[in-house]
Amino acid sequence: MELVLERSYHQEGTNGSLFLNNRFLCFTIELPWVDNRKMESCIPEDSYKLEARYSKKFGNHLLVKNVPNRQLILLHSANYAKKELRGCIAPVSELVGIGRGSNSRAAMQKVLSLCHQAFDRKEEVVLTIKNSLYEHIRSI
């Protein structure tokens, strides 16, 4: 199963849209792009394997594997990138600003449900991150 994250980059943060089979699932928020700096930047565009993970802090969430020069990059609930994220990705139900969203837990549950169904079928789950084509068109 492949999830596709289309991002738009801004100085204050990164907003995205997450798709499965060209169908919109939810929005995402992240830190701004700062040359892949640990704890300060979103991760580079690429394809990454996802794994199920649990912690007391985040409950059930997803681990983004093999991010260059980074460790413990997660998909977890958060509504304000600059205050709640350190390079991770947060699904949100609605965007309310740059790097800000709402109702993250519901969006995270939707993503987790789909991923766990794929894990139960023994499928690999991949997250492909790319720049939103819409942003290129908008700037013309």
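A residue counts as exposed when its relative accessible area is over 50%, and as buried when that area is under 20%. Keep that in mind while we look around this structure, which is a predicted model.

Is lysine 57 buried or exposed? Its relative accessible area is 69%, and since the cut-off is over 50%, lysine 57 is exposed. As for where to find it, lysine 57 lies in the loop between β4 (47–55) and β5 (59–64).

Now zoom out to the whole chain. There are three helices and 10 strands in it. Starting at the N terminus, the order is β-β-β-β-β-β-α-β-β-β-α-β-α. How compact is the chain? Its radius of gyration is 14 Å, close to the 14 Å from the globule rule for 140 residues, so the chain is as compact as a globular protein of that length.

Here are some whole-chain values side by side:

| Property of the chain | Value |
|---|---|
| Span of the C-alpha trace along its principal axes | about 45 × 30 × 30 Å |
| Buried share of the 140 residues | 46% |
| Accessible surface | about 7900 Å² |
| Part of that surface belonging to carbon and sulfur atoms | 47% |

What about contacts along the sequence? Take the contacts between residues at least 6 apart in sequence: 49% of them join residues at least 24 apart.

Finally, the charges. The chain has 20 positive and 15 negative charges, and their mean positions are 7 Å apart.

Note on methods: Residues numbered from 1 in each chain as written. Predicted model: local features only at pLDDT ≥ 70, side-chain atom pairs only at ≥ 80, totals over all residues. Heavy atoms only, no water. Helix = DSSP H or I, 4+ residues; strand = E, 2+ residues; numbered from the N terminus. Rg over C-alpha atoms; globule rule 2.2 N^0.38 Å. Buried < 20%, exposed > 50% of the residue type's maximum accessible area, 1.4 Å probe, protein only. Contact = heavy atoms within 4.5 Å. Areas by Shrake-Rupley, 256 points an atom, 1.4 Å probe, with all protein chains shown as cover. Lys, Arg positive; Asp, Glu negative; His and termini not counted. Charge placed at Lys NZ, Arg CZ, Asp CG, Glu CD.
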